[in-house]
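Subject: Structure handover

Hello,

Here is the structure I said I would pass on.

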Amino acid sequence: MLDRREFLTITGAGGAALLFGIPNPILASTEKEEKTMPYTAKDYAKLIGMEGFSETLLKNHFTLYQGYVTNTNKALDILGQMLKDGKTATPEFAELKRRLGWEFNGMRLHEYYFENLGKKGGINKEGALAKKITEEFGSYEMWEKDFKAVGAMRGIGWLSFIRTTPMGGLSTSGSTSMT
Ligand SMILES: [Fe+2]
(Lines give C-alpha, C1' and ligand atoms only; values in the text may rest on other atoms or scores of the structure.)
Protein backbone atom coordinates (compact mmCIF):
# COMPACT_ATOMS: atom_id res chain seq x y z
CA MET A 1 0.00 0.00 0.00
CA LEU A 2 1.25 3.46 -0.82
CA ASP A 3 0.95 6.51 1.35
CA ARG A 4 0.02 9.84 -0.18
CA ARG A 5 3.61 10.86 -0.77
CA GLU A 6 4.47 7.59 -2.48
CA PHE A 7 1.35 7.82 -4.60
CA LEU A 8 2.27 11.32 -5.72
CA THR A 9 5.83 10.27 -6.45
CA ILE A 10 4.75 7.47 -8.72
CA THR A 11 1.97 9.39 -10.43
CA GLY A 12 4.38 12.30 -10.77
CA ALA A 13 6.79 10.16 -12.75
CA GLY A 14 3.96 8.86 -14.91
CA GLY A 15 2.71 12.41 -15.33
CA ALA A 16 6.08 13.51 -16.68
CA ALA A 17 5.94 10.63 -19.13
CA LEU A 18 2.54 11.76 -20.33
CA LEU A 19 3.70 15.34 -20.63
CA PHE A 20 6.59 14.42 -22.86
CA GLY A 21 4.83 11.72 -24.82
CA ILE A 22 7.27 9.05 -23.76
CA PRO A 23 6.51 5.65 -22.27
CA ASN A 24 6.17 5.62 -18.49
CA PRO A 25 9.81 5.39 -17.34
CA ILE A 26 8.94 3.06 -14.48
CA LEU A 27 6.97 0.62 -16.60
CA ALA A 28 9.24 0.85 -19.61
CA SER A 29 12.39 -0.07 -17.72
CA THR A 30 13.82 -3.46 -18.57
CA GLU A 31 16.64 -5.46 -17.09
CA LYS A 32 18.68 -4.99 -20.25
CA GLU A 33 18.33 -1.21 -20.05
CA GLU A 34 19.35 -1.15 -16.38
CA LYS A 35 22.70 -2.70 -17.23
CA THR A 36 23.58 0.02 -19.70
CA MET A 37 22.42 2.89 -17.49
CA PRO A 38 24.87 4.99 -15.45
CA TYR A 39 23.30 4.49 -12.02
CA THR A 40 22.47 1.21 -10.34
CA ALA A 41 20.19 0.88 -7.34
CA LYS A 42 22.08 -0.27 -4.26
CA ASP A 43 20.89 -3.19 -2.19
CA TYR A 44 19.79 -2.27 1.31
CA ALA A 45 18.17 -5.62 2.15
CA LYS A 46 20.45 -5.88 5.18
CA LEU A 47 18.21 -3.30 6.86
CA ILE A 48 15.30 -5.76 6.93
CA GLY A 49 14.70 -6.82 10.51
CA MET A 50 15.80 -3.47 11.90
CA GLU A 51 13.95 -2.45 15.04
CA GLY A 52 10.98 -0.16 14.49
CA PHE A 53 10.68 -0.70 10.73
CA SER A 54 8.48 -3.41 9.27
CA GLU A 55 9.64 -5.49 6.35
CA THR A 56 6.75 -4.19 4.22
CA LEU A 57 7.60 -0.60 5.00
CA LEU A 58 11.24 -1.09 4.10
CA LYS A 59 10.50 -3.02 0.93
CA ASN A 60 8.06 -0.36 -0.24
CA HIS A 61 10.66 2.28 0.44
CA PHE A 62 13.33 0.34 -1.48
CA THR A 63 10.95 0.14 -4.45
CA LEU A 64 10.41 3.88 -4.32
CA TYR A 65 14.16 4.45 -4.22
CA GLN A 66 14.66 2.11 -7.19
CA GLY A 67 12.12 4.24 -9.06
CA TYR A 68 14.30 7.31 -8.55
CA VAL A 69 17.34 5.48 -9.88
CA THR A 70 15.41 4.25 -12.92
CA ASN A 71 14.02 7.70 -13.61
CA THR A 72 17.38 9.42 -13.15
CA ASN A 73 18.77 7.10 -15.80
CA LYS A 74 15.78 7.65 -18.05
CA ALA A 75 16.00 11.42 -17.79
CA LEU A 76 19.73 11.33 -18.55
CA ASP A 77 19.12 9.06 -21.49
CA ILE A 78 16.42 11.26 -23.00
CA LEU A 79 18.35 14.47 -22.33
CA GLY A 80 21.42 12.97 -23.99
CA GLN A 81 19.37 12.09 -27.04
CA MET A 82 17.83 15.57 -27.18
CA LEU A 83 21.31 17.07 -27.05
CA LYS A 84 22.40 14.90 -29.98
CA ASP A 85 19.24 15.83 -31.89
CA GLY A 86 19.72 19.56 -31.34
CA LYS A 87 16.55 19.88 -29.24
CA THR A 88 18.04 21.77 -26.29
CA ALA A 89 16.15 25.01 -26.97
CA THR A 90 12.79 23.42 -26.25
CA PRO A 91 10.43 23.54 -23.26
CA GLU A 92 10.65 19.74 -23.07
CA PHE A 93 14.42 19.88 -22.58
CA ALA A 94 14.13 22.60 -19.93
CA GLU A 95 11.45 20.76 -18.00
CA LEU A 96 13.23 17.45 -18.12
CA LYS A 97 16.44 19.13 -16.90
CA ARG A 98 14.51 20.44 -13.90
CA ARG A 99 12.97 17.04 -13.41
CA LEU A 100 16.41 15.44 -13.42
CA GLY A 101 17.35 17.42 -10.29
CA TRP A 102 14.33 16.06 -8.49
CA GLU A 103 14.95 12.47 -9.53
CA PHE A 104 18.67 12.66 -8.78
CA ASN A 105 18.07 14.18 -5.34
CA GLY A 106 15.51 11.47 -4.64
CA MET A 107 18.11 8.85 -5.49
CA ARG A 108 21.03 10.31 -3.52
CA LEU A 109 19.07 11.41 -0.46
CA HIS A 110 17.57 7.94 -0.11
CA GLU A 111 21.06 6.45 -0.30
CA TYR A 112 22.30 8.75 2.48
CA TYR A 113 19.21 7.92 4.47
CA PHE A 114 19.47 4.13 4.11
CA GLU A 115 23.21 4.18 4.75
CA ASN A 116 22.66 5.99 8.04
CA LEU A 117 19.87 3.77 9.31
CA GLY A 118 20.51 1.14 11.92
CA LYS A 119 23.57 2.73 13.49
CA LYS A 120 24.00 3.13 17.20
CA GLY A 121 25.16 6.17 19.07
CA GLY A 122 25.20 9.82 18.12
CA ILE A 123 27.77 12.44 17.29
CA ASN A 124 31.07 12.16 19.12
CA LYS A 125 30.84 15.16 21.42
CA GLU A 126 34.62 15.47 21.59
CA GLY A 127 35.08 15.29 17.82
CA ALA A 128 35.68 17.89 15.13
CA LEU A 129 32.01 18.01 14.09
CA ALA A 130 30.82 18.72 17.62
CA LYS A 131 33.43 21.48 17.90
CA LYS A 132 32.23 23.05 14.67
CA ILE A 133 28.61 22.78 15.79
CA THR A 134 29.44 24.57 19.03
CA GLU A 135 31.21 27.33 17.11
CA GLU A 136 28.26 27.89 14.81
CA PHE A 137 25.28 27.26 17.07
CA GLY A 138 26.66 28.25 20.47
CA SER A 139 26.29 24.74 21.91
CA TYR A 140 25.50 21.20 20.88
CA GLU A 141 22.14 21.49 22.64
CA MET A 142 21.20 24.60 20.65
CA TRP A 143 21.99 22.79 17.41
CA GLU A 144 19.96 19.78 18.49
CA LYS A 145 17.03 22.03 19.34
CA ASP A 146 17.17 23.62 15.90
CA PHE A 147 17.54 20.26 14.15
CA LYS A 148 14.60 18.71 15.96
CA ALA A 149 12.47 21.79 15.35
CA VAL A 150 13.00 21.52 11.61
CA GLY A 151 12.22 17.80 11.76
CA ALA A 152 8.99 18.50 13.64
CA MET A 153 7.78 21.13 11.18
CA ARG A 154 4.52 20.41 9.42
CA GLY A 155 5.00 19.50 5.82
CA ILE A 156 6.75 17.20 3.46
CA GLY A 157 10.29 16.67 2.31
CA TRP A 158 13.73 16.05 3.71
CA LEU A 159 15.60 17.34 6.71
CA SER A 160 19.28 17.57 6.02
CA PHE A 161 22.20 18.79 8.08
CA ILE A 162 24.91 19.81 5.69
CA ARG A 163 28.37 21.27 5.48
CA THR A 164 28.75 23.69 2.65
CA THR A 165 32.02 24.20 0.86
CA PRO A 166 34.27 26.10 0.39
CA MET A 167 33.23 28.16 3.43
CA GLY A 168 32.62 25.07 5.51
CA GLY A 169 29.57 26.47 7.30
CA LEU A 170 26.98 24.16 8.76
CA SER A 171 23.29 24.47 8.23
CA THR A 172 20.09 22.60 8.80
CA SER A 173 17.62 22.79 6.03
CA GLY A 174 14.17 21.49 5.37
CA SER A 175 13.48 20.95 1.73
CA THR A 176 10.11 20.84 0.09
CA SER A 177 11.25 18.16 -2.33
CA MET A 178 8.57 15.51 -2.15
CA THR A 179 10.68 12.42 -2.02
FE1 LIG B 1 11.46 8.21 0.88
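This is a predicted model: local features need pLDDT of at least 70, side-chain atom pairs count only at pLDDT 80 or more; totals for chains, interfaces and linings use all residues.

Residues are numbered from 1 along each chain as its sequence is written.

Overall

The chain has 7 helices and 2 strands, in the order α-α-α-α-α-α-α-β-β. Helices (H or I, at least four residues) and strands (E, at least two) are DSSP runs, numbered from the N terminus. Of the 179 residues in the chain, 13% are buried. Buried means that 20 or more other C-beta atoms lie within 10 Å of the residue's own; exposed means 12 or fewer, and partly exposed is in between, with C-beta atoms placed from the backbone. Among contacts with a separation of 6 or more, 55% join residues 24 or more positions apart. A contact here is a pair of residues whose C-beta atoms, placed from the backbone, lie within 7 Å.

Helices α4 and α5

For both helices I compared the end-to-end distance with the expected span, which is 1.5 Å times one less than the number of residues. Helix α4 has 30 residues and should span 44 Å; its end C-alpha atoms are 44 Å apart, which agrees. The 26 residues of α5 (residues 91–116) should span 38 Å, and the end C-alpha atoms are 38 Å apart, again in agreement.

The buried residues of α4 are Tyr65, Gly67, Tyr68, Val69, Thr70, Asn71, Thr72, Asn73, Lys74 and Ala75. In α5, the buried residues include Leu96, Arg99, Trp102, Glu103, Gly106, Met107 and His110. An α-helix has 3.6 residues a turn, so residues three or four places apart point the same way.

Glu51 lies in the loop between α3 (31–36) and α4 (55–84). Glu51 is exposed, because 5 other C-beta atoms lie within 10 Å.

The annotated region

UniProt, in an unreviewed entry, places the feature "domain: Manganese/iron superoxide dismutase C-terminal" at residues 126–164. UniProt positions are given in the numbering used here, feature names are shortened, and annotations may be inferred rather than shown by experiment. Over residues 126–164 the chain is 56% helix and 13% strand, with the end C-alpha atoms 21 Å apart.

How do the axes of α6 and α7 cross? They come within 8 Å and cross at roughly 80°, with axes taken as lines fitted to C-alpha atoms, for helices over the stretch in contact, and angles running from 0 to 180 degrees between N-to-C directions. That makes α6 roughly perpendicular to α7; the cut-offs are under 35 degrees for roughly parallel, over 145 for roughly antiparallel, 65 to 115 for roughly perpendicular, and oblique for the rest. On the α6 side, Ala130, Ile133, Thr134 and Phe137 meet Tyr140, Met142, Trp143 and Asp146 of α7. The residues of this contact divide into 6 nonpolar, 1 polar and 1 charged. Here Ala, Val, Leu, Ile, Met, Phe, Trp, Tyr, Cys and Pro count as nonpolar, Asp, Glu, Lys and Arg as charged, and the others, Gly among them, as polar.

Leu129 lies in α6 (residues 128–137). Leu129 is partly exposed, with 14 other C-beta atoms within 10 Å.

The strands

Ser160 is in β1 (residues 159–163) and Thr172 is in β2 (residues 170–174). Ser160 and Ser173 are 13 residues apart in sequence and 5.5 Å apart in space, C-alpha to C-alpha. Thr172 counts as partly exposed, with 16 C-beta neighbours inside 10 Å. Beyond its neighbours within four places in sequence, Thr172 is in contact with Asp146, Phe147, Val150 and Phe161.

Regards

Conventions
Two residues are in contact if their C-beta atoms, placed from the backbone, lie within 7 Å.
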